[in-house]
Amino acid sequence: MPAKAYSKFSVSHLKGAKFARRGLRSYFEYRDLGIKRATRAQVVAHVIRARPGRAPHGEWHAHDCKVQFVYVLKGWVLFEYEGVGKVRMKAGSCFYQPPNIRHRELAHSRDLEMIEVVSPAKFRTYGIRKPSLEQPAARKSPARRSPG
């Protein structure tokens, strides 16, 4: 069966791989896994690791994407999600962030490494300073919703 026109085979090995200090957050380094190019920007996947001596800013933000999930390889990370609360992820944790959910990172271990997959590869991130009527409505976790 022929491959679809929007994707091609891709391999990324650790040996010789480089981490870039440019990315969404200045306190992380990013290693591109080649998925963005292989899928013609349908999906991006990268390994994210903590930069030595850099701390998270803890700013509320949201991502305008269709799918975003993260798998923690090493260390731990503490996030806060609107309507959910604080959630600590550690090595072996996998989490899915619904589109446009407001969240912030509060802390992470020095050895944090995680894999993040996002679709589409080009997505917007919105910084959220103060609640306002123009911003999207807060998402609530069904598990935390009160019955009445």
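Trainee: Why are Val67, Phe69 and Tyr96 called a nonpolar patch on the surface?

Mentor: Patch members have over 30% relative accessible area and no salt bridge; like charges are joined within 9 Å, nonpolar side chains (Val, Leu, Ile, Met, Phe, Trp, Tyr) within 5 Å. A salt bridge would be a side-chain nitrogen of Lys or Arg within 4 Å of a carboxyl oxygen of Asp or Glu. Val67, Phe69 and Tyr96 form such a nonpolar patch, with about 260 Å² of accessible area together. Areas come from the Shrake-Rupley method with a 1.4 Å probe, and for residues only the protein chains shown count as cover. This is a predicted model, in which local features need pLDDT of at least 70, side-chain atom pairs count only at pLDDT 80 or more, and totals for chains, interfaces and linings use all residues. Residues are numbered from 1 along each chain as its sequence is written, and side-chain values use heavy atoms, with hydrogens and water left out.

Trainee: What makes Tyr96 partly exposed?

Mentor: Buried means under 20% relative accessible area, exposed over 50%, and partly exposed in between (1.4 Å probe, protein chains only). Tyr96 has a relative accessible area of 48%, and is therefore partly exposed. Tyr96 is found in strand S7; strands (E, at least two residues) and helices (H or I, at least four) are DSSP runs, numbered from the N terminus.

Trainee: What makes S1 and S7 the edge strands?

Mentor: The open sheet of five strands has the order S1-S2-S9-S4-S7, with antiparallel pairing. Strand S1 (28–32) and S7 each pair on one side only, hence their description as edge strands. Neighbouring strands of this sheet are turned by 25° against each other on average, direction ignored; axes are lines fitted to C-alpha atoms, for helices over the stretch in contact, and angles run from 0 to 180 degrees between N-to-C directions.

Trainee: What makes a set of residues a nonpolar core, and which members of the largest one touch the most others?

Mentor: Such a core is a set of buried Ala, Val, Leu, Ile, Met, Phe, Trp, Tyr and Cys residues joined through side-chain atoms within 4.5 Å. The largest has 14 residues, and Val77, Met89, Phe95, Leu112 and Met114 touch the most other members. S1, S2, S4 and strand S5 (76–81) each supply at least two residues, and S5 gives the largest share, three residues.

Trainee: Why does Arg40 count as exposed, and why is Asn100 placed in another class, partly exposed?

Mentor: Arg40 has 58% relative accessibility and therefore counts as exposed. Asn100 has a relative accessible area of 24%, so this residue is partly exposed. Arg40 lies in the loop between helix H1 (35–38) and strand S2 (44–50), and Asn100 in the loop between strand S7 (94–96) and strand S8 (103–108). Neither is a glycine, yet phi is positive, near 50° in Arg40 and about 65° in Asn100.

Trainee: Why does Lys86 count as exposed?

Mentor: Lys86 has 57% relative accessibility, and so counts as exposed. Lys86 lies in strand S6 (residues 85–90).

Note on methods. Pairing = 2+ DSSP bridges.
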